[in-house]
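This briefing walks through a few features of the structure shown below, grouped by topic for reading alongside the coordinates.

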Amino acid sequence: MIRAQGLGRDFRRGPETVHALAAVDLEVAEGEFVAVAGRSGSGKSTLLHLLGCLDRPTAGQLFLDGQDALRLTERQRVGLRRRLVGFVFQSFHLIEHLTAVENVVVPLRYAGTADRRRRAEEALARVGLSARLHHLPAELSGGEAQRVSVARALVGRPRLLLADEPTGELDSMTADELGGLLGEVHRGGTTIVVASHDEALLARAGRVVKLSDGRLAQA
């Protein structure tokens, strides 16, 4: 599903160059649940953004589902991302003036998918939020808002789910519930790569790798 070779990402910060990632090699087979552990600032978010084609590396190669992602045009990369990848972010990224079901419909509208409302309602039911379809983000708890973001990530039926610190803003009980939900998604056949320093979530993964100062090693 994923093959990264020598993946690197540099950022300019004034006159300085920040090496966020350096020579990362990572392979993820279809159906795996891989966790990327590491402290804040270790490069976890940068890595997930590169793997999901939200950003481009400054060095290395990236193959997704057998395709050389770095040789694709921007339009082709967008198409690959929409077809293959779902994202869950720590900060939810919900649109405040849209209800839960309207937030979940958004990616389907961009993809031109038919029967959007039904699919959005089914995705919310899958995460246990059938009773919150018409609630705005401000009317949801943190755990409910994160489950809406999971439903939005899953509504396009991605084969690869990338989750960046998905429990970072949740209390321990709600974080455990979300971890259980990700486990169910994985058992349903979805490949998952999660970046986290939540030990309980890391324990659910089939394999853990560790980032430290932008370099990857087995945890």
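Predicted model: local features only at pLDDT ≥ 70, side-chain atom pairs only at ≥ 80, totals over all residues.

Leaving aside its neighbours within four places in sequence, Leu 124 is in contact with Ala 100, Val 101, Val 104, Leu 129, Ser 130, Leu 133, Val 148 and Ala 151.

**Nonpolar cores**

- The largest nonpolar core has 38 residues, and those touching the most other members are Val 104, Leu 124, Val 148 and Leu 161.
- At least two residues of this core are supplied by each of strand 3 (33-37), helix 3, helix 4 (116-126), helix 5, strand 7, helix 6, strand 8 (191-195) and helix 7 (199-202).
- Helix 5 gives the largest share of this core, namely six residues.
- Another core, of 30 residues, lies apart from the largest one, and its members include Val 36, Leu 48, Val 85 and Leu 211.

**Helix 5 against helix 6**

- The axes of helix 5 (residues 142-154) and helix 6 (residues 172-187) come within 10 Å of each other and cross at roughly 15°.
- Because angles under 35 degrees count as roughly parallel, helix 5 is described as roughly parallel to helix 6.
- The crossing in which helix 5 passes helix 6 is right-handed.
- On the side of helix 5, the contact is made by Gly 143, Gln 146, Arg 147, Val 150 and Leu 154, while helix 6 contributes Thr 174, Leu 178, Leu 181 and Val 185.

**Loop residues with positive phi**

- Phe 92, which is found in the loop between strand 6 (85-89) and helix 3 (100-111), has a phi near 70°, a positive value in a residue other than glycine.
- With a relative accessible area of 13%, Phe 92 is buried, since buried means under 20% relative accessible area.
- Glu 165, which lies in the loop between strand 7 (160-164) and helix 6, has a positive phi of about 50° although it is not a glycine.
- The relative accessible area of Glu 165 is 7%, so Glu 165 is buried as well.

Key:
Residues numbered from 1 in each chain as written. Heavy atoms only, no water. Axes fitted to C-alpha atoms, helices over the stretch in contact; angles between N-to-C directions. Helix = DSSP H or I, 4+ residues; strand = E, 2+ residues; numbered from the N terminus. Parallel < 35°, antiparallel > 145°, perpendicular 65-115°, else oblique. Left-handed = near helix turned anticlockwise from the far one by under 90°. Contact = heavy atoms within 4.5 Å. Buried < 20%, exposed > 50% of the residue type's maximum accessible area, 1.4 Å probe, protein only. Core = buried A, V, L, I, M, F, W, Y, C linked by side-chain atoms within 4.5 Å.
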